[in-house]
Amino acid sequence: MDMLALDPTKFIDLNTMSIVFLFLVGFIGGLVSGFIGSGGAFVLTPGMMSLGVPGTVAVASNMCHKFPKALVGAIKRFRYGQVDVKMGLIMAVSAIVGVQVGIKVQQIVLAMWGQAGSDLYVSLSFVLVLVFVGGYVMKDAIHCARSGGEEETTALARRLQTIELWPMISFPRSGLRISLWFTLPVGFATGLLAATIAVGGFVGVPGMIYVLGVPGLMASATELVVAFVMGLGGSVNWAMHGMVDIRLVLIILGGSLLGVQLGAIGTTYVRPHMIKMVMATIMLIVAVSRGLALPTYLVKLGFMELPDATISLLKNVSFASMCLALLTGAVIILGSMWAGRKAQVAAS
Amino acid sequence: MTHSTKPVGRTLVFGALTAAFYTGFFAYGDTIAAHFAQGSLWAAGPIATVFAVSYLHGEFASNLWATLGISAVRKHERTTVTATKRPAQRPTLHA
């Protein structure tokens, strides 16, 4: 192999601290992804950037670690009978269209209002979507918990399933039959959100549950198929532009492949509403985190004034609360796994 | 929880293979990363690498959790809503 120097403007020097940080975030992100179908990406990208990795390399490397993690998680959960491959593939195709539209919207926002405007748009989308969807999922999770953990198909999903609009598609795994025209928008919205805030699953999983009527356990596992297809396509694209730092990818994968399998196993220990509970908790904390980042962008755009010290504090608190979101999710997962295991030992 | 024997052998084999892969890679980490960052057809490099790691490390991780006694519980069967039946044949005209 001929000697080729690593471009220092794109690739950071790795030290023990950064390796340990990436491995741990990879593990926790993997644990959450294996359990709720997505997550981790929203901490990994800013986390890598805080280590000095340029934004595009961080996004590319994150995506390149995401699809193999999703693949391993999907295979594991498929073995538990939780994956609706047909639903996942249909969702993935429409999500790819959503991603393309999302990228175009981003480009328009960037051209009109610059980087600060683009950041503001991303953060506003984060806050609005996560507060609205996360709040709804939390309300439903609490309702499920109070009614003994039983999941109910929403009235909207039941109504949509009765509308005979060609072509009707049967999803035997999920136990439903619905028109393609109601499936496509959910996938499209997943892709649109993935291109905007990098975590399409925050719309994809609730969309499958509440709009299409897919059971929560099945929706969270099927999202891994969507993440795999979208992530593979995106990674090939980024890799062809030479933006993937394979060293970072392998370190993160080292942790996340351990985590994603543990998260997948965890889904068999808990009642299905726990998946909604974890997802909603993470979404609402991330919404607060992004809400704290809003003033920084408003200052950059000249809409308000704040001292530099306050902006710096808000930035740090915002990043810390994002890490807190991931950690809280991990603690709930491990805690409920522990409780599930204890109950199982007591029963046997 | 299954009562089958723990896959210690498979854990060790895939653990050793994963460790060898990571050691070999990081011995030339910067050079390999620089080659893969040339873009175009070099894109096959990172994609093939992560697929290889998915298999080796994925198998290791799976067997490791099983060896540690953490396996899936099949305590409840999947509960799904019943699919709406396809409507009966379209009405035909028997003239």
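Chain A averages a pLDDT of 90 and chain B a pLDDT of 84, where pLDDT is the predictor's confidence in each residue, from 0 to 100. The largest pocket has a volume of about 1,800 Å³, and the largest cavity has a volume of about 140 Å³.

**Conventions**

- Residues are numbered from 1 along each chain as its sequence is written, while chains are lettered from A and ligands numbered from 1 in the order in which they are written.
- In this predicted model, local features need pLDDT of at least 70, side-chain atom pairs count only at pLDDT 80 or more, and totals for chains, interfaces and linings use all residues; side-chain values use heavy atoms, with hydrogens and water left out.

**Confidence**

- In chain A, 99% of the residues score at least 70; in chain B, 73% of the residues do.
- Mean confidence in chain A is lowest in H2(A), at 82, and highest in helix H9 (residues 246-266) of chain A, at 96.
- Among the elements of chain B, helix H1 (residues 8-27) has the highest mean pLDDT (97) and helix H2 (residues 29-36) the lowest (93).

**Chain B as a whole**

- Chain B has 3 helices and 0 strands, in the pattern α-α-α along the sequence; helices (H or I, at least four residues) and strands (E, at least two) are DSSP runs, numbered from the N terminus.
- Of the 95 residues of chain B, 39% count as buried; buried means under 20% relative accessible area, exposed over 50%, and partly exposed in between (1.4 Å probe, protein chains only).
- Of the contacts in chain B between residues at least 6 apart in sequence, 85% join residues at least 24 apart.

**The largest pocket**

- A pocket is an open set of points, on a 1 Å grid over the protein atoms alone, with protein on both sides within 12 Å along at least five of seven lines, and lining residues have an atom within 4 Å of a point.
- Grid points are joined across faces, edges and corners, and a volume is the space filled by probe spheres set on the points.
- The largest pocket has a volume of about 1,800 Å³. Its lining holds 48 residues, of which Thr45(A), Val59(A), Gln106(A), Thr196(A) and Ala198(A) are the closest to its centre.
- H4(A) gives the most to this lining, with 13 residues; the elements that each supply at least two residues include helix H6 (180-197) and helix H11 (308-347) of chain A.
- By class, the lining of the largest pocket has 23 nonpolar, 20 polar and 5 charged residues; Ala, Val, Leu, Ile, Met, Phe, Trp, Tyr, Cys and Pro count as nonpolar, Asp, Glu, Lys and Arg as charged, and the others, Gly among them, as polar.

**The largest cavity**

- A cavity is a set of grid points where a 1.4 Å probe fits but cannot get out, and the count comes to 1 cavity of 30 Å³ or more.
- The largest cavity is lined by 16 residues, with Gly37(A), Ser38(A), Gly39(A), Lys66(A) and Ala227(A) nearest its centre.
- H8(A) provides the largest share of this lining, 4 residues, and the lining residues divide into 7 nonpolar, 6 polar and 3 charged.

**Selected residues**

- Tyr121(A) is in helix H4 (residues 85-146) of chain A and counts as partly exposed because its relative accessibility is 25%.
- Beyond residues up to four places away in sequence, Tyr121(A) touches Val105(A), Gln106(A), Val109(A) and Thr196(A).
- Ser54(B), in helix H3 (residues 44-67) of chain B, has a relative accessible area of 7% and is therefore buried.
- Leaving out residues up to four places away in sequence, Ser54(B) touches Pro68(A), Val72(A), Leu257(A) and Glu59(B).
- Ser40(B) lies in the loop between H2 and H3 of chain B and has a positive phi of about 55° although it is not a glycine; at 44% relative accessibility, Ser40(B) is partly exposed.
- The peptide bond from Trp166(A) to Pro167(A) is cis, with omega near -5°, and Pro167(A) is in the loop between helix H5 (155-162) and strand E1 (168-171) of chain A.

Terms used:
Contact means heavy atoms within 4.5 Å.
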